Amino acid sequence: MTARFPQMRLRRLRGHERLRTMIAETSLEKRHLILPLFVVPGENVATPIPSLEGVSHFSVDCLLPFVEKALGKGIGAFILFGLPETKDPCGDSAKNSQGPVQRALRKLTKTFPEAFLLTDVCLCQYTDHGHCGLITDDGIIDNDNSLKQLAAVALSHAEAGAHMVAPSDMMDGRVQAIRETLDAGGFSSVSIMSYAAKMASAFYGPFRDAADSAPGFGDRHTYQMAPTNGREALREALADEEEGADILMVKPALTCLDILSRLREKTLLPLATYLVSGERMMLRSSAAAGHLDLRRGLLEAHLACRRAGADLIITYDALDLAEWID
Ligand code: PBG
């Protein structure tokens, strides 16, 4: 006999708080969280970012005590974004060994060998047009020539000590190009987390202010994905796996939970998601307006990412979450 009401009562498993904890299917732990860091040129800079409450621009010297504090709170993985001194059409400053990201990597790996360091590999912060790839004279994204530049950026990060590189440009073939370049350069142990399925999303606004990376003309719709397409997102992700990605990321997080959970069924790789700037500020503004409890709202949002299949979550709220998890 199949049990059903009144013999079967699902509420029986919810009656005691201890039992509820014992049978929790999903957990959010500090080891699942990756904290973004914005590194700027100069010295003695620790400037709050207006669009991203609670997040700051740090020069390398000021980044060190901040990372030390994060490590003390149990957050041990970081993804670095750089703001360069100069921009040009090709984004050459992205591969400068004296750039903010490269300098930060050398200092951090030496000072905190226990920290795990990822880098965002893209051109948009470094190009004067703000696009993620190179542009032809006709104003078209030059996919294949962008690959060489992106691979050179990744190589410069590896040379400076990055443990993992995370290409976020959405050019076709970048994972393969980066893997080949890293291997040829003697960095076969540096891993790749691809921004595998990245939507052309309205939720990147606060980040683009923080990273000064908004496109100067047009938009990103020829390389980032249309939010209409779930199957195509899976193709993107599986293509990156074939090209050699070690971890696949889906982005944004809250608007792409379906893609994450479908991808979980299709690959054996670890998965990550990025609870992006606009999603984070949506939750924070809502809390500030009194519409939700910030702590419960943030914990629920991150747990939903884990439940959908994310092993790892890139989140600006890693430090607050770490405190609440304690
Ligand atoms: C760079 C990049 C972006 C984000 C991460 N890497 C912006 C974009 O694609 O325009 C967004 C992160 C966020 O919103 O928090 N390509």
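The legends below describe close-up views of a predicted model. Local features are given only at pLDDT of at least 70 and side-chain atom pairs only at pLDDT 80 or more, whereas totals for chains, interfaces and linings use all residues. Residues are numbered from 1 along each chain as its sequence is written, and side-chain values use heavy atoms, with hydrogens and water left out.

**View 1. The whole protein.** The protein has 11 helices and 10 strands; helices (H or I, at least four residues) and strands (E, at least two) are DSSP runs numbered from the N terminus. Its C-alpha atoms fill a box of roughly 70 × 45 × 40 Å along the principal axes. The radius of gyration is 20 Å, which agrees with the value near 20 Å for a compact globule of 326 residues. This radius is taken over C-alpha atoms, and the globule rule is 2.2 Å times the number of residues to the power 0.38.

**View 2. The shell around the ligand.** Of the 19 residues around the ligand, Lys198, Arg208, Lys251, Ser277 and Tyr316 come nearest; a residue counts as near if one of its heavy atoms lies within 4 Å. Strand E7 (191–198) and helix H6 (205–211) each supply at least two residues of the shell. The shell divides into 11 nonpolar, 3 polar and 5 charged residues. Here Ala, Val, Leu, Ile, Met, Phe, Trp, Tyr, Cys and Pro count as nonpolar, Asp, Glu, Lys and Arg as charged, and the others, Gly among them, as polar.

View 3. A polar contact is a pair of N or O atoms within 3.5 Å. An oxygen atom of the ligand is 2.5 Å from an N or O atom in the side chain of Tyr316. A polar side-chain atom of Lys198 lies 2.7 Å from a ligand oxygen atom, and a ligand nitrogen atom is 3.4 Å from a side-chain N or O atom of Asp120. The protein buries 100% of the 400 Å² that the ligand exposes when taken alone (Shrake-Rupley method, 1.4 Å probe).

**View 4. Two cis peptide bonds.** Most peptide bonds are trans. A cis bond joins Phe5 and Pro6, with omega about 15°; Pro6 is in the segment before helix H1 (17–22). Another cis bond joins Lys251 and Pro252, with omega about -5°. Pro252 is in the loop between strand E8 (247–251) and helix H8 (257–264).

**View 5. The backbone at Asn44.** Asn44 is not a glycine, yet has a positive phi of about 65°. The loop that holds Asn44 runs between strand E1 (33–40) and strand E2 (46–48).

Methods: A polar contact is a pair of N or O atoms within 3.5 Å; within protein, one must be able to donate a hydrogen and the other to accept it, and residues adjacent in sequence count only if both atoms are side-chain atoms.
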